[in-house]
Amino acid sequence: MTQTIVSRRVAAPRKIVQGVPMPSWPMRAFKGFVLLVFCAVVIVPFVGVISTSVAPNKQINESGGLVLLPRSVSFAAYESLFAGGVVTRALFVSIFVTVVGTLLSLTVSCLLAYALSRPGFVAGRLILLVVLFSMLFSPGIIPLYLTVKGVGLLDSIWALIVPTMVSAFNVVVLRAFFMNLPNEITESARIDGAGELKTFTYIVLPLSKAVLSVIGLFYAVAYWNAFFSALLYLNDSKLWPLQLVLRTYVINDAQLGSAELGTERLPPQASIQMAILVISIVPILLVYPFLQRHFAKGVLTGAVKG
Amino acid sequence: MLQRASKRPQQQLSLWRRLLRDRVLLLFALPGTALIIAFHYVPLLGNVIAFKDYQPFLGITGSDWSGWENFSVIFNGDPAFLRALKNTLILTSLQSIFVFPAPILLALLLNSLFSERIKRIAQSILYLPHFMSWVIVVALFQQMLGGSGLLNNYLRSHDLATLNIIGNSELFHVLLTSQIIWKDTGWATILFLAALSQIDSQLYEAASVDGATRMRQLWHVTLPGLRGIIILLFILRLGDSLTVGFEQIILQQQAVGRDVSEVLDTYVYNNGVLGGAWGIAAAVGLVKGIVGVILVLTANKVAHIFGEQGVYSR
Amino acid sequence: MPVSRRTFLGGGLAAAAVAVTGTPLLAGCGSDKKNTAAANAAVKLPTYTQYGEIKPDLPGTDVVLDGFLKYPANPVKAITEAPGDGKPITFMTNIPGAIPPAVDKNQFWQELNKRLGSELQISMASNDEYKDKFATRIAGGDLPDILNIPPDTPQIPGLVKAKCMDLTEHLSGDAVNKYPFLANIPAEYWKGCVFNGAIYGVPVPRGMSRTSLALYREDLLAAKGIKDPAPKNFEEFFDLAKEMTAPKQNKWAWTRVPLSTIRQMLGVPNVWKEEGGKFTANYEHEANQEALEAARKMVAAGVINPDAFNDKASARKQWFNGGIAAFDYDSFVAWNQYYSDNTAGDAFAVNMLDVPGFDGGEGSPWMGSALNNVTAFNKNSQHSAETLLKIANWMAAPFGTEEYLFRKFGVAGRHYTLDGTDPVPTKVGVVETGIGLQYISDAELALYWAGKPDVPQKQHAIQEKVAKRLVYDASYGLYSDTLSKKQGQLTKTMTDLEGQIAQGKKPVSDWAAGVQTWKSSGGDKIRSELEQALSDTAGK
């Protein structure tokens, strides 16, 4: 009879790639080399970023803004960023928005994508076109502001979540992945009398861990990095998310004199800019490894055979 | 491979009956669709300002109609506009040829690594630049490759000729494309890696039992497994093809001059938004959207001809 | 006669300002008047009454700013009653630096609210994003009580007419005496607040503090044996730059191409020049070719930092502070900022070069732009104009008063410590005080730097030197519709061309064609509108 479909990792031995004898040494060396070059090109500037964030101000100015090897380590930039509690509070706001937002977004998007992936869904074509074309035309910031105002979300933290809860791109991708699942699985579930909800929850979702992780990550990063909507919709800076607060530390003006700082004496721009970058990346660095394992191969293996 | 969805037996049900039958699915689709309509289509109505001389203090209804005037900037052959269009097309071609395939190749490379741990570490490193804002990326490139940057300082102090990279107008398009590759390739591989993980590994085993080399496995198992998602993403990218970047370009426009750096979005900014001409920005946005629609529909049709699902099918 | 701030357009205008009699303006019917220059000229500007209680160590004139070697010992408490009416007042502004802690965690803000007698709620945005926020708030219709309007906002007359309070009856002529610190702002700055034949806002003055000249690292030049540099012509100026250039040690003399300095040497006008009713723009001046050629020479000689054209203020700051560059072109405000960011230690010293003539003689430096912004009040505000003006008045208390000390530095002990009589900000002080009060209103900048009396001395000296030769922008105070709509993009196009020519990527001969395009894309229209505006006022 029906067996519960469970995703099993194929017990593939680690060192053998796809059942084929390992590639020749030159090939492995070449691949390794290419990979090393890519990683180096990324890592070196990043080391510079971290170094600059802890380097002494004097050294930063003397080397024109980027330091690879700091003469001494000082956390003044980080201290100055966290002084006054503004950044700390913003951090909590961002965490809240990201966690709640991602959960809501995933739920709504998966439901929509699933519905759109079912063949013969009466409104499927229409809704898909609605979703698709929303990607091609973007509303202006002023009409969007008026809409958000109209639904009463101004000055509420939900203004950071609700308007951007659904990303058409993510829905289309989810739909494609759902449609890619072998039909036999869903068919056999239907034959066994499972309704749409059951099929969705117990069959489709467990098999889609990879794409769910990816899309979840996409949403999470989008929420984490968002700043512009907070700028427009939130007048009270108490509710500002991390990225918006951090942006205010970076002066991009071409005119130095227009800064009119008066008494303010901040540590030089570069170390603060780099510290900001480090702070905003750390949470992603912490979360990503947990999601990585869901990209593992073989999620679908054996599922069809049952 | 995207499998053809099996259609339910074609009964001649009335619309009402079909709605009733699919009521659960309709419920599923409701929140997402409502949100898109509320926060995307409703504000799109505001694009009517493309036909108006919009002033924020007068409001949308209070502003005067200006007919097609805002669109004239596109159609009157303004050489600055044509130059912007040309640069946009050049950049979008470069991006389609180099930026789009890069993550696919990288994903394939990562996928074929023999050590899971190395694969994961490499992935974690490679996506880091994605989180840097363009302000920082441009600053980093400048500090490494600029005229007074690390590379040139090193060359100069060793009496070698310096390389003019950052301010070089001829290299600018290449520079822009390289920056995008550097910044986003690692991140973009995530989606392809997920797609690769969906490929049934029994297919690989079957192929190797049949005596296929790694190369042939790549051609007959891996690539076909990715084909659907690649086509989907490419068509979506086409819809956006007139958008080639804004912040990245505006930050570097001053050095290389407008001739090589002006694209549609910066043109609209420099000639419209700066003077508070919101109507022009809306007009160009509308035109870009219409072009995008045409491209997507056409590309989707072409995909159908080749037997692919594309973004949506009949 | 010496050009003074008050008799700006050659003496005729201010003297001819017609006193407003009768009721039309007083009844707030200013909204019925069109924004003609005639109507604007007819408005009687607030009478300037200098606040005499503070005696500067380095007295200024109409042009030169007052200088102080140290903060006065017992600051005058100038305002006795709290200006607020007890209800919260809202304000929207840009903030040049980091967002300060919100009021519940900000002792400076709490103390401010106590002193004001009303809670001040401030909605902030960083400089880059302020324009977008501003536009959306206006479009959304929910404006704060007090509004920071940047001077390059398009269509200001229409905007203020639709949304802001007409303040003429409260400020015109002697009515301003109720607000002594607003009266302390010279009439020149008020001119930029007149639209539609009425006074619509309070100025945030900048003027001389924004005047920009060549700044140089005194200590670096002294180390090379150059003391009191004073190049007498362009060649010497160029030689000075070559002296300070050493590419192998990563040193280039200039952080940016000093095209403005060269233009000043050649007598190119400050944006617009007016002579006999005719306007000429800086771009049209015949000396531009020579200026661009000179700039090109400097770039070719390698005295400009190779990354200068990326034009990022933060990069320039780093180069100048780090000794990678010895010269920068910027204002007196930037001068102060360099001191505040300096990392080179006590030896760090900055000074400014006067502008010589190109072939000798004296150059014509440009006066900085008059206003940072106009502060207007929401027409639909729950507060009376008097209350809001009292708040603005409070914000304009000048240097030397106790209010100024609090406003800029905070509460003694927590936000600053006294070194003698000079306030030295603490870390907490820096973080908590930056809430943007300087954009509600302000007094003119006072030359002063805590603990370094030589800074205001040097600044005062150079200001005195250039004061008589300053050239003003003739378009200030005159409204041109096309200018408001197109100034940004036209200027950007020309700046782009200048950059390309200076770098040698385009020949100097391309300039003439660029000017032609500028003329036909709006330059000529702006000119005719300015001339029309001027002739309208001349009749009065």
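User: How far apart are the centres of domain 1 and domain 2 of chain C, taken over C-alpha atoms?
Analyst: Happy to start there, and please keep in mind that this is a predicted model. The domain assignment gives domain 1 of chain C as 12–54 + 84–209 + 369–412 + 427–443, and domain 2 of chain C as 212–366 + 480–538. Taken over C-alpha atoms, the distance between their centres is 31 Å.

User: Which helix gives the most to the side of domain 1 of chain C that touches domain 2 of chain C?
Analyst: The contact brings together ten residues from domain 1 of chain C and eleven residues from domain 2 of chain C. On the domain 1 side, the residues divide into six nonpolar, three polar and one charged. The top contributor there, with three residues, is helix H2 (residues 37–41) of chain C.

User: Let's look at the sheets of chain C. In the open sheet of three strands, which are the edge strands?
Analyst: This open sheet has the order S10-S7-S11 (chain C), and its pairing is antiparallel. From one strand to the next, the twist averages 45°. An edge strand pairs on one side only, and here that describes strand S10 (327–331) and strand S11 (350–353) of chain C.

User: What is the bridge partner of Ala214(C) in S10(C)?
Analyst: Strand S7 (residues 212–217) of chain C pairs with S10(C) in the antiparallel sense, over five bridges. Within S10(C), the residue bridged to Ala214(C) is Tyr329(C).

User: Which helix lies across S7, S10 and S11 of chain C?
Analyst: Look for a helix that runs at about 120° to S10(C).

User: Moving on to chain A, which helix gives the largest share of the side of domain 1 that touches domain 2?
Analyst: In chain A, the assignment gives domain 1 as 24–74 and domain 2 as 78–254 + 265–295, with C-alpha centres 31 Å apart. Nine residues of domain 1 of chain A are in contact with eight residues of domain 2 of chain A. Helix H1 (25–54) and H2 of chain A each supply at least two residues of the domain 1 side, and by class that side has four nonpolar, five polar and no charged residues. The largest share, four residues, belongs to H1(A).

User: Which helix supplies the largest share of the side of chain A that touches chain C?
Analyst: The contact takes 43 residues from chain A and 54 residues from chain C. Several helices of chain A supply at least two residues each, including H2 (57–62), H6 (141–150) and H13 (269–292). By class, this side of chain A has 19 nonpolar, 15 polar and nine charged residues. The largest share, five residues, comes from H6(A).

User: What about chain B: which helix gives the most to its side that touches chain A?
Analyst: Here 81 residues of chain B are in contact with 89 residues of chain A. Among the elements giving two or more residues on the chain B side are helix H2 (23–44), helix H10 (172–198) and helix H16 (278–305) of chain B. That side has 48 nonpolar, 24 polar and nine charged residues. With 16 residues, the helix that gives the most is H2(B).

User: Are H7(A) and H12(B) roughly parallel or antiparallel to each other?
Analyst: The axes of helix H7 (residues 168–180) of chain A and helix H12 (residues 214–239) of chain B come within 11 Å and cross at roughly 160°. Angles over 145 degrees count as roughly antiparallel. H7(A) and H12(B) are therefore roughly antiparallel.

Note on methods: Residues numbered from 1 in each chain as written. Chains lettered and ligands numbered in written order. Predicted model: local features only at pLDDT ≥ 70, side-chain atom pairs only at ≥ 80, totals over all residues. Axes fitted to C-alpha atoms, helices over the stretch in contact; angles between N-to-C directions. Parallel < 35°, antiparallel > 145°, perpendicular 65-115°, else oblique. Contact = placed C-beta atoms within 7 Å. Nonpolar A, V, L, I, M, F, W, Y, C, P; charged D, E, K, R; others polar. Pairing = 2+ DSSP bridges. Domains from an automatic or database assignment.
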